[in-house]
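Below is a short briefing on one protein model. Keep the sequence and the 3D view open while reading the points.

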Amino acid sequence: MTSLRMRVQVNGESREVAAGSTVAALLGELGVTQPHVAVELNLEVVPRAQHRDAILREGDRLEVVTLVGGG
């Protein structure tokens, strides 16, 4: 049995994810563990509190930005 997959765009690059994935699941796949991350889904910011509830759909476009400290 194969799982259903779909394509989304992450920071301008095509990526295959499991159908029904959430923003939180995608961040996990990307290895994003920083507490300071901004996610934009189809030109709308997704608040961190909604990452587990925001379900991705075929063709969605995401921008994922993490903050890097420095001085």
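Thr22 is buried, because its relative accessible area is 17% and buried means under 20%. In this predicted model, Thr22 sits in the loop that lies between strand S2 (13-18) and helix H1 (23-30).

**Around Thr22**

- Neighbours within four places in sequence are set aside here; beyond them, Thr22 is in contact with His51, Arg52, Ala54, Ile55 and Leu56.
- Thr22 belongs to a loop, yet this residue counts as buried.

**Elements in order**

- Read from the N terminus, the elements follow the pattern β-β-α-β-β-β.
- The radius of gyration of the protein is 12 Å, close to the 11 Å that the globule rule gives for 71 residues, so the protein is as compact as a globular protein of that length.

**The sheet**

- The five strands form an open sheet in the order S2-S1-S5-S3-S4, and the pairing is mixed.
- S2 and strand S4 (44-45) are the edge strands, and each of them pairs on one side only.
- Strand S1 (residues 5-10) pairs with strand S5 (residues 61-66) in the parallel sense, over two bridges.
- Val10 has Leu62 in S5 as its bridge partner.
- Strand S3 (residues 37-41) runs antiparallel to S5, and five bridges join the two strands.
- Ala38 is placed opposite Val65, a residue of S5.

**Dimensions and contacts**

- The C-alpha trace spans about 50 × 25 × 25 Å along the principal axes of the protein.
- Among contacts with a separation of 6 or more, 52% come from residues 24 or more positions apart.

**Burial, surface and charge**

- Of the 71 residues, 28% count as buried, and Thr22 is one of the buried residues.
- The protein exposes about 5,000 Å², and carbon and sulfur atoms supply 51% of that area.
- There are 7 positive and 9 negative charges, and their mean positions are 5 Å apart.

Conventions: Residues numbered from 1 in each chain as written. Predicted model: local features only at pLDDT ≥ 70, side-chain atom pairs only at ≥ 80, totals over all residues. Heavy atoms only, no water. Helix = DSSP H or I, 4+ residues; strand = E, 2+ residues; numbered from the N terminus. Rg over C-alpha atoms; globule rule 2.2 N^0.38 Å. Buried < 20%, exposed > 50% of the residue type's maximum accessible area, 1.4 Å probe, protein only. Contact = heavy atoms within 4.5 Å. Areas by Shrake-Rupley, 256 points an atom, 1.4 Å probe, with all protein chains shown as cover. Lys, Arg positive; Asp, Glu negative; His and termini not counted. Charge placed at Lys NZ, Arg CZ, Asp CG, Glu CD. Pairing = 2+ DSSP bridges.
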